[in-house]
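Morning, everyone. Please bring the model up on your screens, and I'll walk you through it.

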Amino acid sequence: MDETQSSKEDTGLKGLYCGPIDFTDPMGRRLLRGITISFTPPTLCVITGPSGSGKTSLLRAISGLNKAHVPKRRLGNRTYSDRRLPEWRSKVTLLLQDAPCIEGTIRDNLAFAFSFKNALNKEFSEKEACELLKRVGLDHFGLDHTVNGLSGGERHRLSLVRGLLWAPPVLLADEPLSGLEPELAQVCFELLYEYSHKRPAVVICVLHQERFARQADTVLRLKDGTLH
Amino acid sequence: MGHYIELSGFDLFLAVGLIVIASVISISLRLGLTRSLMVAASRCMLQLGAIGIVLKKIFQINSPILVIGWLAIMLVMAAREAVRRSKSKYRGINMDALSTMTFTSLVVGLLVTQVVIKVRPWYDPQYVIPIFGMIFGNSLNGICLCLDRFLEYLRSRRQEVELRLCFGATRQEAVIDGARQAVRTGMIPIINNMTVAGIVSLPGMMTGQIVAGASPVQAVAYQIVIMFMIAASNALGAMLLATLAARRLISNYGIELNDK
């Protein structure tokens, strides 16, 4: 979705609008050239592209985690300035590429965000957490299991459950299926799809696997700084 | 009580013998410390000698401006030393250390000298200079420990901080764990000191007062005030510095460790 689609800025009450994004990395490479992201829910969008093309930078720019030039961020009828980035991120939430964990138990890792000021009246549901953990095959650990020693794939599944429990209107996921066996990857992808259509929400995933791209609502390819 | 044995130049000369013992050990064990030991001993004598002369003058003139001026010099030196001792640095660290020490020493120092001890006149150098000096010296240690711990946290737990930011944490919420750990680290030495005070060691100030002829009970009373004062200044200093460092190093875009 490149600048030609910026005319779609008015995306309705629940729509996401972000752009036009320009980003030059510390090496001086201009990775993103005037990209505008504009979606209405329900949407599951998969972004592909060669490695180093700026996919992670794009998600971080939308989330406001790098110093990309983003003149306008809007969700529904509210715009968010740089000063309101924490609030923006509580609604446009990024699942980081390396699926980091905070020190502590699985419960700590799923519940920490609910104590933030921006959680407003969201409440952590243990029941929902257990159900989701079961679906991604992490239920055998139990909520009080420490996260030390979880494998990369397990951390990615935990990260996905964290994102789904948080249930933001826009979920950005940076390679959420990496390190997963094909069957588990399929389960996780279906969870994302289900989330985007049931909530309904906008889910934007950076993925390498072609077979998942075919199952998405929209597939975009990032090349030479623009989305095609 | 009220009298003490004066030390003459010859007594000090005899004390040099103690350094000779340390040097002989260094030479016989080939520690390679002889030169550093000599330099350190000479610096110690020269610096303390100079301070003695300056303090004597300040005590004689007994002017508030001189006392404040001297405290300001001590403050700047302490802040510089705190930064120098920290293993890692960032842009703006000098300003943060100076503001922290200024605020901490003003709050705690004025409280102790003017409210607890009720020094009259308020600037009496006999009390004000040693007490502020102790605040500077001790909060310097607390600040160094706190700063090292906090910066280490930001480096090693960068992803955790980012993870919190991703879920809508404010800057404070994103680093609160690190700040807690840092302040705790800054306070551990004084807690340890208070725990063993009088059992394992007699604290320096108390020893000094007893040698100078004060009654042990009064010396103890002063020491208690001083220890509580150090606890307050360490807690305040560590908390303030962690806050200032967080403001500088965490922006809305994440951690920005601008290493110096």
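Start with two helices of chain A, H5 (residues 152–166) and H6 (residues 182–198). Their axes come within 11 Å and cross at roughly 10°. Keep in mind that this is a predicted model. An angle under 35 degrees counts as roughly parallel, so H5(A) and H6(A) are roughly parallel to each other.

Who touches whom? From H5(A) we have A:Arg157, A:Leu160 and A:Leu164, and they meet A:Cys188, A:Leu191 and A:Tyr195 of H6(A). By class, that contact has five nonpolar residues, no polar ones and one charged.

Now the sheet beside these helices. Which strands make it up, and in what order? There are six, running S6-S7-S8-S3-S9-S10 in chain A. The sheet is open, and its pairing is mixed. Why do S6 and S10 of chain A each have one side without a neighbour in the sheet? Because S6 and strand S10 (226–227) stand at the edges, each with a single partner strand.

Look inside that sheet. Strand S3 (residues 43–48) and strand S9 (residues 218–223) of chain A pair in the parallel sense, over four bridges.

H6(A) lies across S3, S7 and strand S8 (202–206) of chain A. Against S8(A), H6(A) runs at about 155°.

Next, the other sheet. This one is open too, with four strands in the order S2-S1-S4-S5 of chain A. Here the pairing is antiparallel. Strand S2 (30–39) and strand S5 (78–79) of chain A are at the edges. Each has a single partner strand, so one side of each is left without a neighbour in the sheet.

Zoom in on S1 and S2. Strand S1 (residues 16–24) of chain A pairs with S2(A) in the antiparallel sense, over seven bridges. Find A:Tyr17, and you'll see A:Ser38 of S2(A) opposite. Then find A:Thr24, which stands opposite A:Arg30 in S2(A). The hairpin of S1(A) and S2(A) has five residues between the strands. In that hairpin, A:Gly28 takes a positive phi near 95°.

S1 holds another backbone detail. The peptide bond from A:Gly19 to A:Pro20 is cis, with omega near -10°. A:Pro20 is placed in strand S1 of chain A. And what lies across S1 and S2 of chain A? Helix H1 (residues 55–63) of chain A does, running at about 55° to S2(A).

One more local point in chain A. A:Leu120 is not a glycine, yet its phi is positive, about 50°. You'll find A:Leu120 in the loop between helix H3 (106–111) and helix H4 (126–135) of chain A.

Step back to the whole chain. How many helices and strands are there in chain A? Seven helices and 10 strands. The radius of gyration of chain A is 17 Å. The globule rule gives 17 Å for 228 residues, so chain A is as compact as a globular protein of that length. Along the principal axes, the C-alpha atoms of chain A fill a box of roughly 50 × 35 × 35 Å.

Over to chain B. Take helix H5 (residues 125–156) and helix H7 (residues 171–196) of chain B. Their axes come within 8 Å and cross at roughly 150°. H5(B) and H7(B) are therefore roughly antiparallel to each other. Their crossing is right-handed.

On the H5(B) side, the contact includes B:Ile143, B:Leu145 and B:Phe150; on the H7(B) side, B:Ala182, B:Val183 and B:Met187 are among the residues met. The class count for this contact is 11 nonpolar, six polar and one charged.

Chain B has a cis peptide bond as well, from B:Arg120 to B:Pro121, with omega near -5°. B:Pro121 sits in the loop between helix H4 (93–116) and H5 of chain B.

Last stop: where the two chains meet. Here 22 residues of chain A are in contact with 14 residues of chain B. Helix H2 (85–91) and strand S6 (92–95) of chain A each supply at least two residues of the side that touches chain B. H2(A) gives the most to that side, with five residues. By class, the chain A side has 10 nonpolar, six polar and six charged residues.

Notes. Residues are numbered from 1 along each chain as its sequence is written. Chains are lettered from A and ligands numbered from 1 in the order in which they are written. This is a predicted model: local features need pLDDT of at least 70, side-chain atom pairs count only at pLDDT 80 or more; totals for chains, interfaces and linings use all residues. Two residues are in contact if their C-beta atoms, placed from the backbone, lie within 7 Å. Ala, Val, Leu, Ile, Met, Phe, Trp, Tyr, Cys and Pro count as nonpolar, Asp, Glu, Lys and Arg as charged, and the others, Gly among them, as polar. Two strands pair if DSSP finds at least two bridges between them. Axes are lines fitted to C-alpha atoms, for helices over the stretch in contact, and angles run from 0 to 180 degrees between N-to-C directions. Angles under 35 degrees count as roughly parallel, over 145 as roughly antiparallel, 65 to 115 as roughly perpendicular and the rest as oblique. A crossing is left-handed if the near helix is turned anticlockwise from the far one by less than a right angle, and right-handed if clockwise. The radius of gyration is taken over C-alpha atoms; the globule rule is 2.2 Å times the number of residues to the power 0.38.
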